[in-house]
Amino acid sequence: MSLQTPFRYDYVGSFLRPEKLKAARAQFDQGLLTYDKLKEVEDQAITDLITKIKSLGYHVITDGEFRRATWHLDFMWGFDGIGHTPTKTGLPFHDEAAMIDDTYLTGKVGLSKKHPFIDHFKFVKQFEDETTIAKQTIPAPAQFLAQFTMPFNRIATEKYYDSDTNLISDIVAAYGAFIQDLYDAGCRNLQLDDCTWGMMADCSGHLAYGVSQEGLLDIQKTHKDINNQVIANAPKDLIINTHVCRGNFHSTYANSGAYDPVADVLFGQENVNAYYLEFDDERSGGFESLAKVSDDKKVVLGLVTTKSPKLENKEEVIARIHEAEKYVPLNRLYLSPQCGFASCEIGNKLTEEQQWSKLKLVKEIAQEVWPKNVE
């Protein structure tokens, strides 16, 4: 079998943290546990996770993002010129604020030392075998750019950059150095997680960026361009996919709306191998925008939600796959949950048992829909 992502049954990347790991992280944050002791707990939790993933017959393995507080900020903290402090206000999600660290520039963006995620990946890679391959998930370059150019961070950024052009250049160079180190460590499957498109697809997306609807089109192009620059500079045999998210924190969300407003740029012009997309509820809109996906790209349908413990109806999910088939041929469609189970340490509102039931269902459906080439 070809060991590259996506697989017919797949997942986005993060998993619910075991209670022992949460307790160890809390003790570490309080100064009651050394880093070495925390790492021992992380290593064991990740080993157990990968064993479980393999036992379910999945072909991709990750560390479940168990070493991170959040899906994106820990990655940013590994670069030069990035500072963070505990937030007082959090980020606005539906019905709840995401209390994740305020993250801002303290200097020029760069990578002068080995990024911590390199060793994180190496730990996972040791578990690869003839039927499984490790993938690394990181925030997309567009997500990195948005973090420091949106209105809430503009003042801090302008202390170090007099133009977005110079910031973009430094981000592209830093990503290039990281990706080369990751490639040298043996990574051949990289996933760029990206909430920026979900934000721009929302009817109020332009307000978050402080621009008009017309101005948002320019921002779409800028986001697409920085992603494509990083992809173009990467090793040619590195598979690069993207997950396009509308926000995922404690079973709530940040944005709503179909992908239609961003489809021309995202699906027609971003040079990824595959899109992991959210289609788990009415907030996600229909499949019509998939008509914009160019013929050389794959689509992973996120039809099983990670935001609710309720298990989906198998026949209904299968019907939706065939509905999507009107826009993308079945041989370029794949299935996964719509997002990770724990984009932040707090995790979504379901149990580990319910999490695994979701993944069992994804596999069962894929085996039924693609019986001859399910792998």
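The model is predicted, so local features need pLDDT of at least 70 and side-chain atom pairs count only at pLDDT 80 or more, while totals for chains, interfaces and linings use all residues. Residues are numbered from 1 along each chain as its sequence is written, and side-chain values use heavy atoms, with hydrogens and water left out.

**The cavity**
- Searching the whole structure turns up one cavity of 30 Å³ or more (on a 1 Å grid over the protein atoms alone, a set of points where a 1.4 Å probe fits but cannot get out).
- The largest cavity has a volume of about 50 Å³, counted as the space filled by probe spheres set on the points, with grid points joined across faces, edges and corners.
- Its lining (residues with an atom within 4 Å of a point) consists of Thr62, Asp63, Glu65, Arg68, Phe121, Val124, Lys135, Gln136 and Thr137.
- Two elements, α4 (116-125) and β7 (136-139), each give two or more residues to that lining; helices (H or I, at least four residues) and strands (E, at least two) are DSSP runs, numbered from the N terminus.
- Sorted by class, the lining has two nonpolar, three polar and four charged residues (Ala, Val, Leu, Ile, Met, Phe, Trp, Tyr, Cys and Pro are nonpolar; Asp, Glu, Lys and Arg are charged; the others, Gly among them, are polar).

**A helix pair**
- Helix α7 (residues 164-184) packs with helix α10 (residues 213-233) at an angle of about 35°, their axes 9 Å apart (axes are lines fitted to C-alpha atoms over the stretch in contact, and angles run from 0 to 180 degrees between N-to-C directions).
- The contact (heavy atoms within 4.5 Å) involves Ile168, Ile171, Val172, Tyr175 and Ile179 of α7, meeting Thr222, Ile226, Gln229, Val230 and Asn233 of α10.
- These contact residues split into seven nonpolar, three polar and no charged.

**Salt bridges**
- The count is 18 salt bridges (a side-chain nitrogen of Lys or Arg within 4 Å of a carboxyl oxygen of Asp or Glu).
- One of them joins Arg25 and Glu42, with the closest N and O atoms 3.3 Å apart.
- Arg25 sits in helix α1 (residues 19-29) and Glu42 in helix α2 (residues 35-55), 17 residues apart.

- Most residues other than glycine have a negative phi, and most peptide bonds are trans.
- Glu65 has a positive phi of about 60°, and lies in the loop between β1 (60-61) and α3 (73-77).
- The Thr5 to Pro6 peptide bond is cis, with omega near 0°, and Pro6 is in the segment before α1.

Technical notes
1 Å grid on protein atoms, 1.4 Å probe; cavity = no way out; pocket = protein on both sides within 12 Å on 5 of 7 lines; lining within 4 Å.
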